[in-house]
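Please read it alongside the sequence and the coordinates displayed below.

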Amino acid sequence: MSKIPYTGKTPGARQPRPVSTDPLAPAEETYVTENPLLEDPDALAARLADSEDFVRRNRNLLLGALLAVVVVVGGFFGYTYWRTQQNNQAQAAMFRAVDNWEADSLKRALQGDGSKLPGLNKVVSEYSGTKAGNLAEFYTGVALLKQGKFAEAYTALDKFSSDDYLVQARAYSLMGDAQLEQGKAKEAADLYAKAADYKSNEYFTPGYLLKQGVALEAAKDNEGALKAYNRIIDDYATAQEVGEARQAKARLQQ
């Protein structure tokens, strides 16, 4: 038998009583409670029974959802731990390779010593996705550029990314060098512009702009080259590249 919600409008509910005009009379109840769960314990019991019935009927679904949450959370922490371990291993593998790179022993830096000492190539292939693996792409690109392997150098540097305002701009500039060496002057100029516009600063931006101007001249875009030189002269008046920019501008305007 269904129960009628027990409210202030239900027969038998507490109704406000007339207020006495006698100030010395005891206070009377003057409120009506609207919440049936507080007024009627049977209604609360029925609600709880419905909840228990829902849990019984959907037990497998609820357990599956709980298991899914546990798997996702556990997987996240497991993956984070694995990535940390991978990055630590990659950094250890890079240590000697970078020593060789700094000593200009480029072949050993890239390939290792053939036994226990890994090279940058191995770090890149086995630890891609880690911070150390990403940095290895940069070192690899520079080494290949020094070896005259310009297409391979461009590919390696193109895979590198960084939030550092110096290193990322440098990578763009080196990619421009690789393209210019392959006779792709317009592509090189675009990369030098990208380097110049990446978190511009007075220390490195003028040099990238000067490279952009030279590349645009090689691409027969003298108007674009003049804009690059003028930007150095106007925006970076104290830079050491200003003298070269003025000379290049004067030559183009003859």
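A residue is called buried when its relative accessible area is under 20%, exposed when that area is over 50%, and partly exposed in between. With a relative accessible area of 35%, D164 therefore counts as partly exposed. The model under discussion is predicted.

**Overall architecture**

- The chain contains 12 helices and zero strands, so that its elements, read from the N terminus, run α-α-α-α-α-α-α-α-α-α-α-α.
- Of the 254 residues in the chain, 34% are classed as buried.
- The chain has an accessible surface of about 16600 Å², and carbon and sulfur atoms account for 55% of that area.
- Among contacts between residues at least 6 apart in sequence, 47% link residues that are at least 24 apart.

**Packing of helix 6 against helix 7**

- The axes of helix 6 (residues 131-146) and helix 7 approach within 8 Å and cross at roughly 160°.
- Because angles over 145 degrees count as roughly antiparallel, helix 6 is roughly antiparallel to helix 7.
- On the side of helix 6, the contact is formed by N134, E137, F138, T140, G141, V142, L144 and L145.
- On the side of helix 7, F150, E152, A153, A156, L157 and K159 take part in this contact.
- The crossing of helix 6 past helix 7 is left-handed.

- D164 is located in the loop that joins helix 7 (150-159) to helix 8 (167-181).
- A polar atom of the D164 side chain lies 2.8 Å from the backbone nitrogen of L166.
- A polar atom of the D164 side chain also lies 2.9 Å from the backbone nitrogen of V167.
- The C-alpha atoms of D164 and Y198 are 9.9 Å apart in space, while the two residues are separated by 34 residues in sequence.

- N201 is found in the loop between helix 9 (185-197) and helix 10 (205-218).
- The relative accessible area of N201 is 12%, which means that N201 is buried.
- The N201 side chain reaches the backbone nitrogen of Y203 at 3.0 Å and the backbone oxygen of K199 at 3.3 Å.
- Apart from neighbours within four places in sequence, N201 is in contact with Y165, P206 and Y236.

Key. Residues are numbered from 1 along each chain as its sequence is written. This is a predicted model: local features need pLDDT of at least 70, side-chain atom pairs count only at pLDDT 80 or more; totals for chains, interfaces and linings use all residues. Side-chain values use heavy atoms; hydrogens and water are left out. Helices (H or I, at least four residues) and strands (E, at least two) are DSSP runs, numbered from the N terminus. Buried means under 20% relative accessible area, exposed over 50%, partly exposed in between (1.4 Å probe, protein chains only). A polar contact is a pair of N or O atoms within 3.5 Å; within protein, one must be able to donate a hydrogen and the other to accept it, and residues adjacent in sequence count only if both atoms are side-chain atoms. Contact means heavy atoms within 4.5 Å. Accessible areas come from the Shrake-Rupley method with a 1.4 Å probe; for residues, only the protein chains shown count as cover. Axes are lines fitted to C-alpha atoms, for helices over the stretch in contact, and angles run from 0 to 180 degrees between N-to-C directions. Angles under 35 degrees count as roughly parallel, over 145 as roughly antiparallel, 65 to 115 as roughly perpendicular and the rest as oblique. A crossing is left-handed if the near helix is turned anticlockwise from the far one by less than a right angle, and right-handed if clockwise.
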